[in-house]
Amino acid sequence: MTAVAATGAHSGRRFFFANERTAYWLMVAPAAVLMAAFYFYPLVEVLWISVTEPKPGLDNYALLFTSASIRRTIVTTLRICTITTAVTIVLGYVVAYVLVHASPRAQRWLFLGVLVPLWISVLVRAFAWVTLLAREGLINTTLRDAGIIEQPLALIWNEFGIVIGMVHYMIPYAVLPLYASMRDIDARTVSAARGLGGSRFYTFRRVFLPQSLPGIIGATVLVFIFSLGFFVTPAILGGGKTLMIAEYISLQILDLLRWGLGTMLASTLVIFIFVLLAALAKVVDLKRLFGAG
Amino acid sequence: MSELRQSVVVQRMVKRYGRVAAVDDVTLEIERGEFVTLLGPSGSGKTTILMAIAGFVQPTSGDILLDGRAITRLPPERRNFGMVFQGYALFPHMTVFENVAFALRARGRPGEEVQRKVVEALDLVQLSPYAQRLPRQLSGGQQQRVALARALVFTPHLLLLDEPLSALDKKLRADLQLELKALHERVGLTFLYVTHDQDEALSMSDRVAILREGKLVQFGRPRELYERPATRFVADFLGKSNFIAGTAQGGDGGTLAYSAGGLTLRQAVAGAPPAPGAPILVALRPEKIAVVADTPPDTANAVAGRIAQWSYSGTHFQLLVDTPAVGRMIATVPAWRCRIEPATGATVHLGWDPDATVIVAEDASADSPH
Ligand SMILES: Nc1ncnc2c1ncn2[C@@H]1O[C@H](COP(=O)(O)OP(=O)(O)O)[C@@H](O)[C@H]1O
Ligand SMILES: [Mg+2]
């Protein structure tokens, strides 16, 4: 949001404001106020509740180390998110690779294919997967009719179903940073490697892959962080049996009214994500990674 | 005998992109150990020919032969050619050492051999102190030398260079031209060099192939191309030239008389002279014209005119002379023996010998219907 306002100020021809700094701050101000009111204030409030409910202190945070159900939820969440991220990055890498090497015409269609899912509600997509994966869904009935299986496969209401739904949702978020970093690779370095005697695969491994590493790191972090906060997809495709942290938090707050515990988990999640980003910033240039500057 | 000395042959190669022929029926025979340059303006198809030899571009028709064997369908990694790309294409994520080691590692050579050969190659281009740097930490000239070492380290059959000096400034370019030439003599490899810079081509090459709009116009030694250009384009592209259009009259004893602008001029001919009445085009280098002030010179050809413009460059004067007979002529006169005092509007006489000029063909235009 701030980035949009800032570029607006720079691209303008002439402003009536005395100098460019005033113009800049006047344009950023509305966005900044909105962010403060609807983003930072609730965040601080959440943090505050987590150390005051039901009584002041760090008792809620102690539960992280003592409660078996919290530990189970966290382990499940990390496992699902890790698998989702790994699968998404591999599939996204293939899509981005094809995109970069396609002709401009084919590229337009491929991009459309990547971006259209972003405009379809996550709810609709989750239910679409249900119709495909359920016991009496398209895949199971087809396989049974073809005589390949006798009992329906358990494709849904478990972690497998969740991973499928989440990977599907996440692929565009992996493709975009991967595509951006692959596009920056000088194609002649690949030709040069072939000319120097590198086979297709050797050239890919030693020249293309390492140069796309910033994109891989960026996409991994982006997808992993996004998947930590997943709510709708696990709720529908997990069938209530697999509890991930976002659903667990909403359960604590909305059903059990345990505000202290819920906000503690939410705060922990936010802090974890910030630590992750800070660690990443040490390795790569975040601004470049996410396309600014 | 000639079979044995052949190294690379491009045979009737055509490369089309859609309806455009980037390379149009080019045949080149390059001998082993030769330094051959492809010279032509931008877009004349030089890079495409080089890329086809390296295996990155598949010709539409025609063949590439290495020592008599067709390699047209061989993938680039099996051709064993070294290549220095336009802009170098160094691997940005590898150190200088690893860049140079790439070809050896791709061939699975043992570590001890890699170490030894890379050190040798870096010594050859005087870059040993920079082995552990990344390409972006080097100057343009140093990057160029890394690219050279990387292409030479595996003793390729042939070294292909695509405008390797064009990104460098003039002084550095002159130094590296000498270095490259010396390197060629030291390693004894066949060099195929691409440039659009005529001075570079003339000073470095054993032979130069001149390309225009995808066609090979002339292929020969630098001196031969400069002194005996086959077409107007070659005469114009290699240095400066005046052109005189005339009509052949009669020949006797090795000279041809022709008329141009109401004058009768003389041209030395070696073989059979053109038939009387045939139109001819004659090219005349500016430095082969004698310029005198008062009386017509005692050369076989003499034309009078007025100085329209002149300039002084230390080593010589350059005069633009408007003549009623043959239009505007350029003449360059060594400054230390210039027998006139150049002044705009002054009348001068231009003179030249029959063997100073050469008959050239008009170039067929790609735009004309055929
Ligand atoms: N991949 C390509 N697609 C379409 N046209 C091309 C391609 N490569 C080269 N050309 C065309 O072929 C002609 C010759 O190009 P090139 O060999 O690069 O010339 P040079 O190296 O002499 O400047 C140019 O007109 C160029 O536009
Ligand atoms: Mg080129």
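The model is predicted, and every value below is computed from it. Chain A is divided into domain 1, residues 1-50, and domain 2, residues 61-289, while chain B and chain A bury about 1,700 Å² between them.

**Domains of chain A**

- The C-alpha centres of domain 1 of chain A and domain 2 of chain A lie 31 Å apart, and the contact takes 4 residues from domain 1 and 7 residues from domain 2.
- About 490 Å² is buried between domain 1 of chain A and domain 2 of chain A, with carbon and sulfur atoms giving 76% of that area.
- On the side of domain 1 of chain A, the residues that lose the most area to domain 2 are A:V46, A:I49 and A:S50, which together account for 73% of what that side buries.
- The residues of domain 1 of chain A that touch domain 2 of chain A divide into 3 nonpolar, 1 polar and no charged.

**Contact between chain B and chain A**

- Chain B contributes 23 residues to the contact and chain A contributes 18 residues, and 65% of the area buried between the two chains is on carbon and sulfur atoms.
- In chain B, the residues B:E77, B:H93 and B:F102 lose the most area to chain A, and together they make up 33% of what the chain B side buries.
- The count between chain B and chain A is 2 salt bridges, one of which joins B:E98 to A:R206, with the closest N and O atoms 3.6 Å apart.
- There are also 4 residue pairs in polar contact between chain B and chain A, with both residues at pLDDT 80 or more.
- Helix 3 (96-106) and helix 5 (140-152) of chain B are the elements that give two or more residues to the side touching chain A, and helix 3 of chain B gives the most, with 5 residues.
- By class, the side of chain B that touches chain A has 15 nonpolar, 3 polar and 5 charged residues.

**Aromatic pairs**

- Over all chains, the count comes to 18 aromatic pairs, among them A:Y169 and A:F230, which are edge-to-face because their planes stand at 80 degrees, with ring centres 5.2 Å apart.
- This pair links distant parts of the chain, 61 residues apart, with A:Y169 in helix 8 (residues 159-183) of chain A and A:F230 in the loop between helix 11 (213-228) and helix 12 (232-237) of chain A.

How values were computed. Residues numbered from 1 in each chain as written. Chains lettered and ligands numbered in written order. Predicted model: local features only at pLDDT ≥ 70, side-chain atom pairs only at ≥ 80, totals over all residues. Heavy atoms only, no water. Domains from an automatic or database assignment. Contact = heavy atoms within 4.5 Å. Buried area = accessible area lost by both parts, 1.4 Å probe. Nonpolar A, V, L, I, M, F, W, Y, C, P; charged D, E, K, R; others polar. Phe/Tyr/Trp six-rings, centres within 6.5 Å; stacked < 30°, edge-to-face > 60°. Helix = DSSP H or I, 4+ residues; strand = E, 2+ residues; numbered from the N terminus. Salt bridge = Lys/Arg side-chain N within 4 Å of Asp/Glu carboxyl O. Polar contact = N/O pair within 3.5 Å; in protein donor to acceptor, adjacent residues only side chain to side chain.
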